[in-house]
Amino acid sequence: GDTIVVHKAGDVIPEVVGPVTDGEEGQAHDRRAQWEMPELCRSCGSPVVREEGEVAYRCISIDCHAQAVERLIHWGSRNAMDIDGLGEEIVRRMVDQGVLRDVADFYDRLTMEQLAAVSTGRQTQAGEDIVVGEVVAKKIMKQVEESRDRGLGRVLFGIGIRHVGANVGQVLAQHFGSLEKL
């Protein structure tokens with residue numbers, strides 16, 4: 001029966017900050033309790049929907065910038081293509097700077113030179129942009145090349161088909177054996 005304050009602490013599980021007490025903190029809690037889910041995506045302005053029987057709300061636009069970034073982050077994640085060094089911030093910067101649009105760009109469009117020139121969003125004391133650089137770009141491009149051999153199960157998980165996790169991706173890959181048969 002207690003009322004508590006929580007905040008996002010990780011990807012999924014919230015952290016309990018503490019109890020709501022009388023006074024200012026309780027008043028702040030009352031204001032937060034009135035929050036409502038936006039009807040439009042903050043990134044692209046398309047409708048946000050929740051399918052019946054599900055908890056998650058989703059933007060319905062395939063062209064949503066935020067979705068493009070998240071798809072690319074997921075593709076490079078450990079359980080998908082495991083592209084080491086390809087963190088969330090670098091992916092976000094590559095999309096923002098027009099270097100990446102979709103997963104295919106990793107393999108048929110992205111060059112080491114483009115990646116090396118991506119701004120990190122930080123500057124030197126002299127005010128010059130700090131870029132990813134050749135050393136880091138070479139490491140990431142090597143990881144991208146190695147990801148070509150990760151297997152069909154990881155590809156199926158990596159492309160982000162709803163309800164297809166890492167295990168289901170492996171089961172589908174074992175059952176069908178190839179993308180063509182699937």
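**A tour from the ring cluster to the surface**

Start with Phe106, which counts as buried because its relative accessibility is 2%, under the 20% limit. Keep in mind that this is a predicted model.

Ring pairs link Trp75, Phe106 and Tyr107 into a cluster. How many aromatic pairs does the structure hold? There are 2. In one of them, Trp75 and Tyr107 have ring centres 6.2 Å apart and planes at 80 degrees, so this pair is edge-to-face. Trp75 sits in helix H2 and Tyr107 in helix H4 (residues 104–108), so the pair ties together parts 32 residues apart in sequence. Then turn to Phe106 and Tyr107: their ring centres are 6.3 Å apart and their planes at 65 degrees, so this pair is edge-to-face.

Check the cover on each partner. Trp75 is buried, at 4% relative accessible area. Tyr107 is partly exposed, at 22%.

Next, select Ile83, Leu86, Met94, Phe106, Leu110, Leu115 and Ile140. Of the 24 residues in the largest nonpolar core, these touch the most other members. Colour helix H2 (65–76), helix H3 (88–96), helix H5 (112–116) and helix H6 (134–147): each supplies at least two residues of this core.

Zoom in on Leu86. Which residues does Leu86 touch, not counting those up to four places away in sequence? Gly76, Val91, Met94, Phe106 and Ile140.

Finish on the surface. Select Ile4, Val6 and Val16, which form a nonpolar patch with about 240 Å² of accessible area together. Val6 belongs to strand E1 (residues 4–8). Val6 counts as partly exposed because its relative accessibility is 46%.

Notes: Residues are numbered from 1 along each chain as its sequence is written. This is a predicted model: local features need pLDDT of at least 70, side-chain atom pairs count only at pLDDT 80 or more; totals for chains, interfaces and linings use all residues. Side-chain values use heavy atoms; hydrogens and water are left out. Patches are made of residues with over 30% relative accessible area and no salt bridge: like charges are joined within 9 Å, nonpolar side chains (Val, Leu, Ile, Met, Phe, Trp, Tyr) within 5 Å. Accessible areas come from the Shrake-Rupley method with a 1.4 Å probe; for residues, only the protein chains shown count as cover. A salt bridge is a side-chain nitrogen of Lys or Arg within 4 Å of a carboxyl oxygen of Asp or Glu. Helices (H or I, at least four residues) and strands (E, at least two) are DSSP runs, numbered from the N terminus. Buried means under 20% relative accessible area, exposed over 50%, partly exposed in between (1.4 Å probe, protein chains only). A nonpolar core is a set of buried Ala, Val, Leu, Ile, Met, Phe, Trp, Tyr and Cys residues joined through side-chain atoms within 4.5 Å. Contact means heavy atoms within 4.5 Å. Rings of Phe, Tyr and Trp (its six-membered ring) pair if their centres lie within 6.5 Å; planes under 30 degrees apart count as stacked, over 60 as edge-to-face and the rest as tilted.
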